[in-house]
Amino acid sequence: MAYKHGTYGELMNSKVSAATQADVVAAYIGTAPINLIRGYAEKNLVNMPIKVANMSDTQSKLGYSGDWEGFTLCEAFAEHFDNTVGNVGPIYVVNVLDPDTHKATAKTTKELTFTNLRAEFESSDIILDSFAIADKAEGVDYSLEYNFAKGTVVVKLLKEAGSAALQCSYDTVDTEQVEAADIIGQTTADGQYTGLHAMSLLYQYHNAVLNMLAAPGWSHIPEVYKAMVSTVQKLNGHWDGFVNADIPLVDSEGAAINTIEKAIKWKQDNGYTSEFSKVYWPKIKDGSGRVFHLSTAGQVTMLRVDLSHDGVPFESPSNKEIMATSQFFGENSKSRGFDQQTANGLNEKGITTACFWGGQWVLWGPHTAAYTYNGNMDARAIFDVNLRMLMHITNSFQIDHGTEIDSPMTPQDKDTILNFEKQKLDTLTGIGALIGTPTVEFLETANPVSDMMNGDFVWDFSVTNTPPFKSGTARVCYTDEGFAAFFETE
């Protein structure tokens with residue numbers, strides 16, 4: 001038995017016959033335009049979890065750009081904080097773009113033409129801190145700011161310059177230099193955390209337990225997906241979370257993945273089958289023409305639904321409204337999309353999609369990526385809520401009893417924990433998150449004297465979460481018995 005010091009939770013094999021964590025933590029990893037933030041180097045914005053609560057907060061801390069391909073986190077910012085269905089947050093993000101490293105070799109020079117002492121030009125890749133005008137000093141001769149609404153750099157002269165045109169120079173970031181290896185990251189011997197490894201800092205810097213993780217623009221890369229799945233299992237040695245990932249629209253060879261059959265084959269060939277994840281295909285487009293990865297819509301919907309239940313993840317995000325007006329298969333695709341019945345072909349292979357249903361666009365698919373209809377899998381992998389509820393219970397146990405570690409454990413203390421956990425299970429049953437009679441036990445067989453002598457104690461839980469109403473069928477048959485009414489007399 002491995003050495004243990006702390007509270008732990010383990011997901012056990014399902015038993016199939018024949019609420020305390022109020023906060024929900026949604027995290028993203030990718031690239032943010034921190035090059036637009038003054039003093040970014042001193043603000044520790046690279047490979048560090050940053051909490052943002054709304055669009056204004058986001059722009060002041062991490063910047064914003066409409067270039068979502070280069071700055072992938074901006075898609076998440078728009079989905080959470082510029083959403084017609086309803087904004088929801090906060091969220092936590094790890095930016096891996098480092099303007100000191102990922103930048104163009106040559107400086108950019110530009111001639112500025114001033115009107116009424118003011119000049120303005122578009123740029124999202126400018127490193128604002130590097131901006132300079134020859135023989136001029138910022139704060140003395142000119143001021144510099146960024147207009148996030150227009151995506152423009154604004155230069156104002158503080159006094160007459162003697163010329164209507166001045167030449168400026170600045171460095172620019174090169175987002176194409178960011179690679180999958182930067183997203184995956186590492187932990188070094190001297191305590192540096194990069195990429196996904198930086199998610200380990202969520203707990204100690206924000207007291208936040210990761211619940212769900214997405215990487216729009218990156219999660220379709222198999223190595224990144226595998227690293228994400230690894231990250232959410234026993235993060236910090238304790239916490240369990242869930243991954244939202246995408247199947248790409250184009251494979252590594254440049255071939256379009258534009259049919260359901262191709263999407264299913266890609267999923268299987270590339271091992272996107274972890275029960276700790278949902279996978280999505282294709283993308284979606286909203287009313288203003290913005291294109292979103294479906295995993296981003298899935299994560300924001302998952303967060304919105306969880307928060308509606310005080311953080312208890314017992315309702316699937318499937319069949320919930322999303323900000324979309326169509327499915328999206330690529331700029332050159334002529335596909336007009338598919339309906340709910342066709343979408344079920346994806347669902348039965350563990351792929352969540354989007355479809356028009358009930359007068360609105362909704363997510364469609366309540367399963368984990370491990371699900372295959374009539375396949376062989378653990379029962380907990382059938383629905384996303386199955387596994388997420390188990391995680392909720394294990395994470396909650398550790399949060400609630402973590403401060404008790406190294407205190408005396410008397411038989412009365414053992415019973416106190418039993419009663420406390422049973423009360424939590426009863427509460428979850430009362431709100432409909434669990435069904436039947438969930439139990440928590442302190443078994444002699446699971447707690448040999450040798451373990452207790454070393455201070456190791458185990459409580460066993462058996463729970464059945466409430467299954468989703470996945471389908472309902474009305475069975476109607478015709479009968480001729482009604483004709484008897486013609487011969488009835490009062």
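In this predicted model, Asn207 lies in the loop that links helix H4 (201-206) to strand E10. Asn207 has a positive phi of about 55 degrees although it is not a glycine. The residue is exposed, with a relative accessible area of 59%. A second residue of this kind is Asp406, whose phi is near 75 degrees, again a positive value in a residue other than glycine. Asp406 belongs to the loop between helix H9 (384-401) and helix H10 (411-430), and at 65% relative accessibility Asp406 also counts as exposed.

From the loop that holds Asn207, the chain can be followed into strand E10. Met212 is found in this strand, and its relative accessibility of 0% places Met212 among the buried residues. Leaving aside neighbours within four places in sequence, Met212 is in contact with several separate stretches of the chain, among them Val24, Val25, Ala26 and Ala27. Its contacts also include Phe242 and Asn244, as well as Gln299, Met302, Leu303, Asp306 and Arg388. Ser288, by comparison, is 76 residues from Met212 in sequence, and the C-alpha atoms of the two are 27 Å apart in space.

Strand E10 (212-214) also takes part in the surroundings of helix H5, whose buried residues pack against it. Helix H5 (residues 222-231) is mostly covered, with 7 of its 10 residues buried. These are Pro222, Val224, Tyr225, Ala227, Met228, Val229 and Thr231. An α-helix has 3.6 residues a turn, so residues three or four places apart point the same way. Besides E10, the elements against which the buried residues of H5 pack are helix H3 (180-184), strand E11 (242-246), helix H6 (260-269) and strand E12 (277-280).

Two of these neighbours, E11 and E12, are themselves paired, in the parallel sense and over 4 bridges. Within this pairing, Val243 stands opposite Ser277 in E12. In a regular strand the side chains alternate between the two faces of the sheet. For E12, both faces are covered: Ser277 and Val279 are buried on one side, and Lys278 and Tyr280 are buried on the other.

The peptide bond from Trp281 to Pro282 is cis, with omega near -5 degrees. Another cis peptide bond joins Gly89 to Pro90, with omega near 5 degrees. Pro90 is likewise in a loop, here between helix H2 (73-81) and strand E3 (91-95).

Helix H6, one of the elements that H5 packs against, also packs against helix H8 (residues 340-347) at an angle of about 15 degrees, with the two axes 10 Å apart. Angles under 35 degrees count as roughly parallel, and H6 is therefore roughly parallel to H8. The crossing of the two helices is right-handed. On the H6 side the contact involves Ile260, Ala263 and Ile264, which meet Thr342, Gly345 and Leu346 in H8. The residues of this contact divide into 4 nonpolar and 2 polar, with no charged residue.

Elsewhere, the model contains an open sheet of 3 strands in the order E4-E9-E6, with antiparallel pairing. Its edge strands are E4 (108-113) and E6 (132-133), each of which pairs on one side only. Strand E9 (residues 165-170) runs antiparallel to E4, and 6 bridges join the two.

E5 and strand E8 (residues 152-157) are antiparallel and joined by 5 bridges, with Glu122 opposite Thr152 in E8.

Note on methods
Residues are numbered from 1 along each chain as its sequence is written. This is a predicted model: local features need pLDDT of at least 70, side-chain atom pairs count only at pLDDT 80 or more; totals for chains, interfaces and linings use all residues. Side-chain values use heavy atoms; hydrogens and water are left out. Two strands pair if DSSP finds at least two bridges between them. Buried means under 20% relative accessible area, exposed over 50%, partly exposed in between (1.4 Å probe, protein chains only). Contact means heavy atoms within 4.5 Å. Axes are lines fitted to C-alpha atoms, for helices over the stretch in contact, and angles run from 0 to 180 degrees between N-to-C directions. Angles under 35 degrees count as roughly parallel, over 145 as roughly antiparallel, 65 to 115 as roughly perpendicular and the rest as oblique. A crossing is left-handed if the near helix is turned anticlockwise from the far one by less than a right angle, and right-handed if clockwise. Ala, Val, Leu, Ile, Met, Phe, Trp, Tyr, Cys and Pro count as nonpolar, Asp, Glu, Lys and Arg as charged, and the others, Gly among them, as polar.
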